[in-house]
Amino acid sequence: MGYFADKVVVAGHGPYNSAKFAVRGFTESLRQDMRAAGGRVRVTGVYPGGVLTSIARTAQFAPGIDGAAVARRSEDEVARTSPEAAARTILRGAARGHAKVLVGLDALLVDLVTRYAGSYHERVLDLVLR
């Protein structure tokens, strides 16, 4: 799943946000189905924070959103995890059978904020991300 979209929404990306929430629901449902069936298949949801890829530079943005500025900020301030480190974290978590793998300290922080701040997480994240 993409950058926090399954935990928090990104302004101007309604369809993207919806798709990511749907993938999370499908993943959790599939995990429960596999457990209920007594099968040996394990399902791991991956929740990456900022991974240094070209996704922000190649993204389509809603009218009125400065895509170049978003890409610069993403690369300068958000994307802290290399693709190689992300891959190691994902493979290690899946091999251990973890239901959820958080990639990067930023993903861990967003996960904690959304769980403990409840419906106020948007205000908390607005303050942190400014």
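Among contacts in the protein (heavy atoms within 4.5 Å) between residues at least 6 apart in sequence, 57% join residues at least 24 apart. The model is a predicted one, in which local features need pLDDT of at least 70 and side-chain atom pairs count only at pLDDT 80 or more, while totals for chains, interfaces and linings use all residues. Residues are numbered from 1 along each chain as its sequence is written, and side-chain values use heavy atoms, with hydrogens and water left out.

Confidence is given as pLDDT, the predictor's score for each residue from 0 to 100. The protein averages 81. A score of at least 70 is reached by 78% of the residues. Among the elements, helix α4 (residues 83-95) has the highest mean pLDDT, 96. Helix α3 (residues 67-78) has the lowest, 66.

The protein contains six helices and two strands. Both are DSSP runs, numbered from the N terminus: helices are H or I with at least four residues, strands are E with at least two. Along the sequence the order is α-β-α-α-α-β-α-α.

The accessible surface comes to about 8500 Å². Carbon and sulfur atoms hold 59% of that surface. Areas come from the Shrake-Rupley method with a 1.4 Å probe; for residues, only the protein chains shown count as cover. A residue is buried under 20% relative accessible area, exposed over 50%, and partly exposed in between (1.4 Å probe, protein chains only). By this rule, buried residues make up 28% of the 130 residues.

Helix α1 covers residues 14-36, which is 23 residues. The expected span of a helix is 1.5 Å times one less than its number of residues. For α1 this gives 33 Å, and the end C-alpha atoms are 33 Å apart, so the two values agree. The buried residues of α1 are Asn 17, Thr 27 and Arg 31. These buried residues pack against β1 (45-48). Just after α1, Gly 38 takes a positive phi of about 70°.

His 13 is found in the segment before α1. His 13 counts as buried because its relative accessibility is 16%. The C-alpha atoms of His 13 and Ala 62 are separated by 7.0 Å, although the two residues are 49 apart along the chain.

Salt bridges were counted next. The rule asks for a side-chain nitrogen of Lys or Arg within 4 Å of a carboxyl oxygen of Asp or Glu. The count comes to two. One joins the side chains of Glu 28 and Arg 24, at 3.0 Å from N to O. Both residues lie in helix α1, four residues apart, about one turn of the helix. Glu 28 is partly exposed, at 29% relative accessibility. Arg 24 is also partly exposed, at 24%.

Asp 111 forms a salt bridge with Lys 100, with the closest N and O atoms 3.3 Å apart. This pair links distant parts of the chain: Asp 111 is in helix α5 (residues 105-116) and Lys 100 in strand β2 (residues 100-103), 11 residues apart. Asp 111 is buried, at 1% relative accessibility. Lys 100 is partly exposed, at 34%.

A nonpolar patch lies on the surface, formed by Leu 105, Leu 108, Leu 109, Leu 112 and Tyr 116. Together they have about 520 Å² of accessible area. Patches are made of residues with over 30% relative accessible area and no salt bridge; like charges are joined within 9 Å, and nonpolar side chains (Val, Leu, Ile, Met, Phe, Trp, Tyr) within 5 Å. Tyr 116 lies in helix α5. Tyr 116 is exposed, with a relative accessible area of 64%.
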